[in-house]
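Colleague: I am new to this structure and would like to go through some of its local features. Please show it first.

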Amino acid sequence: MTLVLSFDCAVSGLGLAVVRDKEVLAVHREDGREQAARLLPAIARLLRAAEVDRRALSMIAVTVGPGSFTGVRVGLAAARGLAIALDVPLAGFSTTTTLLAQAPKGSRLALAAIDSQLGDWFCALDEDDQAPFLATTAALAERLKGRASCVIGPQATSLAAELDAAGLDVEAETSLPDPVVLARLAIAQGAAAWRARNRDEGLPRPLYLRGVNITLPDGQRRTVD
């Protein structure tokens, strides 16, 4: 039996789940910011709703980005702390891998996309190694030319409309990373495999794809690598 607590706060709000093998015991989602103040109380409420003692957990799963700089750090910090305190393995998956896993199955090429808020997109295609990359809408239109595709992500409708205007055959699936899908990805690979990976490679690290944007005292913004 594998009992997983999974959560995502790397894109927007909070998404949490407790999953035991194939059984979903509890799910919670809430919108808004201030994840640092709300995540741990939300986990405590979720475990009570699932009637699960935290010491019974066999694995923690978390999204590692790309997404919001603060959200990624809040989620990973909490996940690392819980994994160490409970002595359980920590599984880390990118937000785009999670989105691709929940994309509709069919003949269309799935494109996971999250608005970077800086004029481009955090993306991954459901082909090859699903490696995340940064791309503008124009670059995506060129890359997807001639291929029917389905965009999945929180701003999928907006991106699909832009790609449609560029002459592409595109459908949209609006969704945030699903914590149940995240838990199932971790269960599929197994707690023993993640424990070995944590030992050999260390705990999962944040995935940003670009430097950090900061605001200087004079109000100017710059990107720090």
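Colleague: In which loop is the place of Gln130?

Modeller: This is a predicted model. Gln130 has a positive phi of about 55° although it is not a glycine. With a relative accessible area of 22%, Gln130 is partly exposed. Its place is in the loop between S7 and strand S8 (133-135).

Colleague: Is Gln117 buried or exposed?

Modeller: Gln117 is found in the loop between strand S6 (109-115) and strand S7 (121-125). Gln117 is not a glycine, yet has a positive phi of about 70°. Most residues other than glycine have a negative phi. The relative accessibility of Gln117 is 60%, so the residue counts as exposed.

Colleague: Which residues does a cis peptide bond join?

Modeller: Most peptide bonds are trans. Omega is about 0° for the cis bond, and the residues joined are Gly65 and Pro66.

Colleague: How many aromatic pairs does the structure hold, and how are the planes of Phe69 and Tyr208 set?

Modeller: The structure holds 2 aromatic pairs. In the pair of Phe69 and Tyr208 the ring centres are 5.2 Å apart and the planes are at 40°, so this pair is tilted. Phe69 lies in helix H2 (residues 69-86) and Tyr208 in the loop between helix H7 (191-201) and strand S11 (212-215), so the pair ties together parts 139 residues apart in sequence. The count asked for is 2, and the setting of the planes is tilted, at 40°.

Colleague: How far apart in sequence are the parts that the pair of Phe93 and Trp194 ties together?

Modeller: The ring centres of Phe93 and Trp194 are 5.5 Å apart with planes at 65°, so the pair is edge-to-face. Phe93 is buried, and Trp194 is buried too. Phe93 lies in strand S5 (residues 90-93) and Trp194 in helix H7, so the parts tied together are apart in sequence by 101 residues.

Colleague: Which residues of H5 make the contact with H4?

Modeller: The axes of helix H4 (residues 137-144) and helix H5 (residues 156-165) come within 10 Å and cross at roughly 65°. The crossing is right-handed. By class, the contact has 5 nonpolar, 1 polar and 1 charged residues. On H4 the contact is made by Thr137, Leu140, Ala141 and Leu144, and on H5 by Leu159, Glu162 and Leu163.

Note on methods. Residues are numbered from 1 along each chain as its sequence is written. This is a predicted model: local features need pLDDT of at least 70, side-chain atom pairs count only at pLDDT 80 or more; totals for chains, interfaces and linings use all residues. Side-chain values use heavy atoms; hydrogens and water are left out. Rings of Phe, Tyr and Trp (its six-membered ring) pair if their centres lie within 6.5 Å; planes under 30 degrees apart count as stacked, over 60 as edge-to-face and the rest as tilted. Helices (H or I, at least four residues) and strands (E, at least two) are DSSP runs, numbered from the N terminus. Buried means under 20% relative accessible area, exposed over 50%, partly exposed in between (1.4 Å probe, protein chains only). Axes are lines fitted to C-alpha atoms, for helices over the stretch in contact, and angles run from 0 to 180 degrees between N-to-C directions. A crossing is left-handed if the near helix is turned anticlockwise from the far one by less than a right angle, and right-handed if clockwise. Contact means heavy atoms within 4.5 Å. Ala, Val, Leu, Ile, Met, Phe, Trp, Tyr, Cys and Pro count as nonpolar, Asp, Glu, Lys and Arg as charged, and the others, Gly among them, as polar.
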